[in-house]
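Open the structure in your viewer and keep the selection panel handy. We will go from one stop to the next, with something to pick out at each.

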Amino acid sequence: MAKKITGEIKLQIPAGAARPAPPVGPALGQAGVNIKAFCDEFNTRTKEQMKDGLIIPVVITVYSDRSFTFVTKTPPVAPLLFKAAKIEKGSGEPNRKKVGQVTMKQVEEIAKLKLQDLNCTTIQSAVAQVVGTARSSGITVTG
Amino acid sequence: MWWEVAVDVARRRFDRVSGALFGAGASGVQEEHRPGEAPAPRQPWDTGPAPKATERVIVKAWFEDPDRERITATVAALAGLDAGPTRWSPVPEVDYEQSWKANFPVLEVSPRITVAPPWDARPGAVIIEPGQGFGTGHHPTTRMALRAIDALARPGATCLDVGCGSGVLAIAAARLGLTASGFDVETTAISDAIKNAERNGVAVSFRADTIDHAAPADLVVANLHAELIVMLAADLLRVTTADLVLAGILADREGLVTTALSELVLVERYVDGEWVGLHYRRAS
C-alpha cells in the first residue's frame with residue numbers, strides 16, 4: 001500500500017499491561033488510531049515478558065489513513081540492572097552512594113540481550129554501555 | 001484522577017528518568033520531541049541517511065492520584081542540573097475505549113461501494129476494522145482505487161490486490177462478483193485482511209507473500225508508491241492480463257511509473273490532491 005507516515009509514537013509500557021487509559025489512551029488517541037487493536041496486539045506479543053515485570057519500549061508508526069504498525073524493543077538497561085542487582089531503583093548520588101552490585105557475567109547477559117537495540121556493533125561496546133549505565137545508577141560491577 | 005508530568009531532559013538521561021518514573025508508579029512513559037524539533041516523518045520512499053537524533057527530549061509519564069511533590073523531587077534528582085522544570089497537568093477524562101471511533105465514519109466511495117467500520121456496519125457495505133493494514137478507506141489513494149474497481153468490475157473476472165494491506169480492495173472486488181485474491185509482505189496486515197474477509201462473508205484468498213508467486217488476473221490493483229511500482233514493474237506486467245489500476249503515486253514521481261509501464265496503454269488518469277492514480281490496459 002502507498003503508506004504515507006504521519007507520525008511515530010515512542011512509549012514504554014509494562015509488558016502485557018496496555019489498556020485504553022494513560023499512556024496509551026492520550027498518546028494514541030491524539031493520533032486517532034484503533035486503541036483497542038493496539039492494546040490487544042501489544043499484550044499478546046509481550047505476554048511472555050509479563051511474569052518478569054519488564055518495561056517494553058514500543059515504537060508505533062501511524063499512517064495517513066490512521067492505520068498503524070508497531071515494533072517492540074528490548075527493555076531499557078537500567079531496570080534490567082536493578083533486577084539483576086535485586087534493587088528497586090538506582091542511586092540519586094551514584095558517585096558517593098552505591099546501592100547494589102552486579103557481576104560482569106550479568107552485565108554480559110544484559111549486553112547480549114540489548115545488542116540488537118543499542119547502537120553497537122560488537123558485544124564489547126554493548127558491555128561498555130551497560131557498565132556505564134551501572135556506574136551512573138550507583139551499581140558496582142564485580143568480577 | 002490522572003495526571004501527566006513532562007520534563008525536558010538530555011536524551012542520554014532518558015532511561016534513568018523513565019526508570020525512576022516507573023519506580024514512582026507511572027503507568028507508562030512517552031518520549032517526545034521538544035516543540036519545533038520533530039523531524040518530518042521518514043517515508044518508505046525516502047532515501048539517504050536518517051536525521052540525527054536530537055540532543056534533548058521531553059519525557060512524559062502518567063500517574064493516577066500521584067504524590068506530585070515526591071515525584072517532582074525524584075525527577076529533579078535524576079534529570080540533571082540542565083533539566084527543564086517538571087510540569088504537571090491534569091488529564092481530562094476521556095472514554096479512550098470509544099473516542100477513537102469518531103475518526104472512522106462510514107464512507108460512500110462510489111455508486112456501489114461504501115466502506116464502514118464493524119460498529120457501524122450496514123447492508124452491502126465493505127466492513128473494515130481499522131488496524132495494522134493500510135486501507136481503512138480514509139485515504140484518497142484507497143478511494144481512488146475503489147472507484148476504479150467499481151467502474152471496471154465484471155462479474156466472474158479475476159482480481160489480484162498487490163500489497164493488499166487491510167484487504168479493502170480485494171474484498172470490494174469480491175463483493176462485486178469478482179474472484180479476488182491479495183498478498184502483502186507484512187504478516188500483521190494479512191492477518192487483519194483475513195479477519196476483514198470473514199467479517200464481510202466473502203471468500204478472498206489472502207497470503208503473506210511476494211509478487212513472485214502471484215498468478216495473472218484480469219484486474220490487477222496496486223495501491224503502492226511510485227518507487228515500489230517501478231521495482232515491481234516486470235512482475236506487474238506479467239500478472240496483468242487486461243486492466244492494471246495503480247494508486248498511491250505522488251504527482252512528482254508519476255514519470256517514473258509511466259516510463260516503467262510504457263508497454264501498456266494508459267486509459268485514464270485520476271488525481272486527488274498530491275496523489276495520482278493510473279488505469280492501464282493491455283493492448284489486445
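Begin with the charged side chains: a search of the whole structure finds 23 salt bridges over all chains. Keep in mind that this is a predicted model, with every value computed from it. Side chains of opposite charge can pair when their charged atoms come close.

**Stop 1: two salt bridges between the chains**

Select A:K4 and B:E274, which form a salt bridge with the closest N and O atoms 2.9 Å apart. This pair crosses from one chain to the other: A:K4 sits in the segment before β1 of chain A, while B:E274 belongs to the loop between β13 (265-272) and β14 (275-281) of chain B.

How many salt bridges does the rule find across the interface of chain B and chain A? The count there is 3. For another salt bridge, show the side chains of A:K10 and B:E31, which meet at 3.8 Å, N to O.

**Stop 2: the side of chain B that touches chain A**

Now colour the elements of chain B that face its partner. Four of them, α1 (14-23), β2 (28-32), α2 (68-79) and α3 (96-99), each supply at least two residues of the side of chain B that touches chain A. The largest share, 5 residues, comes from α1(B). Sorted by class, this side has 20 nonpolar, 21 polar and 8 charged residues.

Next, select the contacts on both sides: 49 residues of chain B are in contact with 44 residues of chain A.

The size of an interface is often given as the accessible area lost when the parts come together. Here the area buried between chain B and chain A is about 3900 Å², and carbon and sulfur atoms give 58% of it. Which residues of chain B lose the most area to chain A? Pick B:Y96, B:Q132 and B:F134, which together account for 19% of what that side buries.

**Stop 3: strands that pair across the chains**

Switch to a cartoon view and select residues 5-14 of chain A, strand β1. This strand is joined to β2(B) by 3 bridges, and the two run antiparallel. To find one bridge, select A:Q12, whose partner in β2(B) is B:V29. Strands of a sheet pair through backbone hydrogen bonds, either parallel or antiparallel.

**Stop 4: domains and a sheet in chain B**

Colour chain B by its two parts, domain 1 (2-93) and domain 2 (103-281). Taken over C-alpha atoms, the centres of domain 1 and domain 2 of chain B are 40 Å apart.

Then look for an open sheet of 3 strands in chain B, with the order β5-β6-β7 and mixed pairing. Its edge strands are β5 (107-108) and β7 (126-127) of chain B, each pairing on one side only. β5(B) is joined by 2 bridges to β6 (residues 114-116) of chain B, and these strands run antiparallel. Select B:L107 to see one end of a bridge; its partner in β6(B) is B:V115.

**Stop 5: along chain A**

Move on to chain A, which has 6 helices and 5 strands. The C-alpha trace of chain A spans about 55 × 30 × 25 Å along its principal axes.

Finish with two backbone details. Most residues other than glycine have a negative phi, and most peptide bonds are trans. Zoom in on A:P22 and A:P23, which are joined by a cis peptide bond with omega about 5 degrees. A:P23 is found in the loop between β1 and α1 (24-31) of chain A. Lastly, select A:K86, whose phi is positive, near 55 degrees. A:K86 lies in the loop between α4 (77-84) and β4 (100-103) of chain A.

Terms used. Residues numbered from 1 in each chain as written. Chains lettered and ligands numbered in written order. Predicted model: local features only at pLDDT ≥ 70, side-chain atom pairs only at ≥ 80, totals over all residues. Heavy atoms only, no water. Pairing = 2+ DSSP bridges. Helix = DSSP H or I, 4+ residues; strand = E, 2+ residues; numbered from the N terminus. Contact = heavy atoms within 4.5 Å. Buried area = accessible area lost by both parts, 1.4 Å probe. Salt bridge = Lys/Arg side-chain N within 4 Å of Asp/Glu carboxyl O. Nonpolar A, V, L, I, M, F, W, Y, C, P; charged D, E, K, R; others polar. Domains from an automatic or database assignment.
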